[in-house]
Amino acid sequence: MDALVRELQRAVGSRYVLSRPQELLVYEYDGAVERALPGVVAVPGTAAQAAQVVAIARRHGLPVVPRGAGTGLSGGAIPIHGGVLMPMTRLNRVLEIDPLERMAIVEPGVVNIDISKAAEPYGLRYAPDPSSQKACTIGGNVAENAGGPHCLAYGVTTNHVMGMEIVLADGTLAWVGGRNHELPGYDLRGVLIGSEGTLAVTTKVAVRLQPVPEAVTTILAIFQDEDDASAAVTAIVGAGIVPAAIEMMDRLTIQAVEPAIHAGYPADAGAVLLVEVEGLREPVAEESEEVQQVCYRHGATEVRVADDPTLRERLWAGRKTALGALGRLAPNYYLLDGVVPRTKILEALRRIREISGEYALPIANVFHAGDGNLHPCILFDERMPGQTQRSREAGGAVLRTCIDLGGALSGEHGVGLEKQEYMELSFSEADMDAMARLNPAFGAGDTFNPGKVFPTGASCVELLQHPAIARLGVDAFV
Amino acid sequence: MAVGDTAAGVARGKVLATGFIGPDAPREEDLYKCVHCGLCLNACPTYVETGLETESPRGRIALMKAVFEGRAGVEPGVTEHWDLCIQCRACEAACPSGVPYGRLIEQAQAQMRPRRRGVLGRFVAWLAYAQILPSPRRMRAVSAALRLYQRSGLRALVRASRVLRLVRPLAEAEASLPDLSRPAFRASGQVYPAQGETRYRVGLLSGCVMPIFHGPTMEAAVRVLTRNGCEVHVPAAQGCCGSLNLHGGDLDGGRAMARRNIDAFLDAGVDVVISASAGCGATMKESADLFRDDPAYAAKAARFGAMTRDITEFLASLPLDPPRAGTPGRVTYQDSCHLVHAQRLSAPPRALMAAVPGLELVEMEHSDRCCGAGGSYQITQREMSGQLRAHKLEEAAATGAATIATANPGCMVQFALGAREAGLDVRVCHVVDLLDEAYRREGA
């Protein structure tokens, strides 16, 4: 260990290697439930240093777990097999903005919202906006293929990242994709986005920028219950309107959010919808009017409309801080990410209420209603014996429900540690084999973030036992 | 999936004893409000500077939880990360779950205090916190000595001799001293009558550093208040508000000083207590919490806290008598942390500047990010303080403003030092100074 620490210190500087047990404690968590201590933490300041860290770890036979800001919600950055944890937070420079090509090249530690801030002078923005966008990094977004409220209209991270510079397991730096979307050859960019740091580490990201819309209107509609709100969601989409975002918060969430941000939600509100329409001025005005009508028709008790940035931000503040605000109700949450068809939202919410009763744990719902991406948030207290386990079980029940209703395990948070054991609900063995073949193809072995994505902490050794690899041999995939 | 249970869960589930001692320990209910969502990270100047979780609010709270749970002690590997916190409380304003971080870090500091080693450091702390700050008389004596040093030619001699270079911290402390040639403000029970009709009876905090380092700003505050219908009382019995002691973890000492001021102002029979120092105002407003376990002072402290206003907050709430003359020029404003984050006031100082004809306010980038002053932080964490100061000056200079306005003495000292270091020809002042100048130009 001492030799390892010394080598890492030489690579990144001693200030940026943490090995004292107390300091490792602050790297055992992310934004979710699971925890594990890294063996050592090395924080590179350049891509070349990151490559060196990978090479050093590999020489010592230790895994490397890349980490962004640690806001992830599926345990993606939790080093369950110890090893070298490599936060990319010091690689935080916006390297280039090309307003004519409408693209930017940034380092992975750049905070999501800072890309849009840097692009603002050119009238451009980076569209995907996870709720943690004021803290989460683009590198983490790429690893988890992150989404956000506005992904309803614009798509998720993979639709906005055109290429990355990566470090492979042998410490070489390479580019996948490039400065524009149309490149010949295999789309390795698409393969790596959402691979949760298991195949390579990102050291630069080329992102697409979009024009800031001419007009944006945010509509907050207050409903007596979730049923009315859900019906309004279906009706809005049914009317042929494609808002940039449709978000819903339930009663429990409202109770947590209101004291935090004083948005003025009525205490007896059963659900609120947040709808955003944007584009050219005239159609936005028409669509906004139509959305308001639809909401009133479906029982909205009050509708508020904002089109100046400050007021819009106030309406959004409740949504974007909802997760943290739930800390006012309980010291821990287990946030799920299941997806159901939009028409099944009501049914899903009903079943989630039943699960909440069955496991005796409150579940708050705050989610992307427009695309059926639910975020049931199970509230618990880890200090109470048994509650952590019970929350996991309740979470499993919710995810099964989503699959039963024809949905998916994850909309945008990634599989990580959290959902790996449920992968079999969505994928056949052959499906998973096909995914597992990527590991030897990238020569990743156990180097990167082992024990993620695949069921039961499958390490490389277990992956190698997958039928396809066993039959054809590793070399067939390298 | 047994992961969470193996590494930490066991220790978390079975806490036998807490590593914290005494009544002023971080409270369980405060610590576990933190759900480690990470939304505080980017608000934290030391995290942004280092990229390290250990230097982030979430990391510092995790270390407090670790001590509380018996997984770590108040020991090296823990304490230096609490020490690197400037206590700007930007994280508190960013936190959606309402973690009272300011209170937590003060209590963590209180835990470190009795365990500190180093005779010299403890002596200096005792001298500053227990002997000098609480006594306006001793503060004046120190300032007189420093003034003599600056004016007698001794300073020129010392600087020429380069003797200070042998002890860098001393050299930097010396360089950061503001110009003390201007007269000090003195609280002696004086009452300044309102101009015209008396509409408000206000008490003015004189405090410790402000009257010595920024005497002219205190005079300006009096003129602006009286001009706007205030009868200004400056009780003689008052002293330092205690906030520096509290931030340094000397909670008992800080409370003793706060009690004195509570009595002084409540006895003065004023309607409002005004502070021109954002740091003091923040502490005064939070008096109720400070004395929640003190039956003799709880009610008085709550009343005192509710009476307290920052000077910009109070003036902006009035139907302000607008200055008829202008202070032309470009000004940029640094949000003092304890005004914008602790008191959540960003609009009032800007509204006052907008009332000055000809004044052009140009916002700098990250105006609400700490400048690194942080009371004694400038001395105890020289390196980080200097880094933050250098960034700040770059951002301020980029606005092309000839004046940097702020609302707290520490920030003024830090910016003045930064400007000297950067060789920048800018003026640093309090928002109230700008308003006062405009009024004074009316006659001209």
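In which loop of chain B does B:Gln87 lie?

Guide: This is a predicted model. B:Gln87 lies in the loop of chain B between helix 5 (79-83) and helix 6 (90-94). Its phi is near 65 degrees, a positive value in a residue other than glycine. Most residues other than glycine have a negative phi. B:Gln87 has a relative accessible area of 8%, so it counts as buried, the limit being under 20%.

A:Ala360 is not a glycine, yet it has a positive phi of about 55 degrees. A:Ala360 also sits in a loop, the one between helix 13 (345-358) and strand 17 (363-368) of chain A. Its relative accessibility is 54%, and A:Ala360 therefore counts as exposed, for which the value must be over 50%.

On the side of chain A, 49 residues are in contact with 43 residues of chain B. The two chains bury about 3,700 Å² between them, and 55% of that area is on carbon and sulfur atoms. Three residues, A:Gln22, A:Arg35 and A:Arg383, supply 16% of the area that chain A buries against chain B, more than any other three residues.

Five salt bridges are counted between the two chains. On the side of chain A that touches chain B, helix 2 (21-24) and helix 12 (322-325) each supply at least two residues.

Side chains of opposite charge can pair when their charged atoms come close. One salt bridge between the chains joins the side chains of B:Glu28 and A:Arg383, at 2.5 Å from N to O. Over all chains, the structure holds 51 salt bridges. The pair crosses from B:Glu28, in helix 2 (residues 28-31) of chain B, to A:Arg383, in the loop between strand 18 (376-380) and helix 14 of chain A. B:Glu28 has 34% relative accessibility and is partly exposed. A:Arg383 is partly exposed as well, with a relative accessible area of 28%.

A:Arg35, already named for its share of the buried area, forms a salt bridge with A:Glu28. The closest N and O atoms of that pair are 3.3 Å apart. Both A:Arg35 and A:Glu28 are buried.

Within chain B, the side chains of B:Arg255 and B:Asp252 form another salt bridge, at 3.2 Å from N to O. The two residues are separated by about one helical turn, because they are three residues apart in helix 15 (residues 251-267) of chain B. B:Arg255 is buried, with a relative accessible area of 13%, whereas B:Asp252 is exposed at 57% relative accessibility. Elsewhere, A:Glu28, A:Arg35, A:Glu382 and B:Arg71 are joined into one network by salt bridges that share partners.

A:Tyr27 is a further residue to look at. A:Tyr27 is found in the loop between helix 2 and strand 2 (40-42) of chain A. At 1% relative accessibility, A:Tyr27 counts as buried. Leaving aside neighbours within four places in sequence, its contacts in chain A include A:Leu18, A:Ala36, A:Pro38 and A:Val41. A:Tyr27 is also in contact with residues of chain B, among them B:Gly51, B:Leu52, B:Glu53 and B:Thr54.

Another buried residue of chain A is A:Glu418, with a relative accessible area of 5%. A:Glu418 is in the loop between helix 14 (387-404) and helix 15 (423-426) of chain A. Its side chain is joined to that of A:Tyr334 by a polar contact of 3.0 Å.

The last stop is on the surface of chain B. B:Leu120, B:Phe123, B:Val124, B:Trp126 and B:Leu127 form a nonpolar patch there, with about 500 Å² of accessible area together. B:Leu120 is in helix 8 (residues 119-132) of chain B. Its relative accessibility is 66%, so B:Leu120 counts as exposed.

Key: Residues are numbered from 1 along each chain as its sequence is written. Chains are lettered from A and ligands numbered from 1 in the order in which they are written. This is a predicted model: local features need pLDDT of at least 70, side-chain atom pairs count only at pLDDT 80 or more; totals for chains, interfaces and linings use all residues. Side-chain values use heavy atoms; hydrogens and water are left out. Patches are made of residues with over 30% relative accessible area and no salt bridge: like charges are joined within 9 Å, nonpolar side chains (Val, Leu, Ile, Met, Phe, Trp, Tyr) within 5 Å. Accessible areas come from the Shrake-Rupley method with a 1.4 Å probe; for residues, only the protein chains shown count as cover. A salt bridge is a side-chain nitrogen of Lys or Arg within 4 Å of a carboxyl oxygen of Asp or Glu. Helices (H or I, at least four residues) and strands (E, at least two) are DSSP runs, numbered from the N terminus. Buried means under 20% relative accessible area, exposed over 50%, partly exposed in between (1.4 Å probe, protein chains only). Contact means heavy atoms within 4.5 Å. Buried area is the accessible area (1.4 Å probe) that two parts lose on being put together, summed over both. A polar contact is a pair of N or O atoms within 3.5 Å; within protein, one must be able to donate a hydrogen and the other to accept it, and residues adjacent in sequence count only if both atoms are side-chain atoms.
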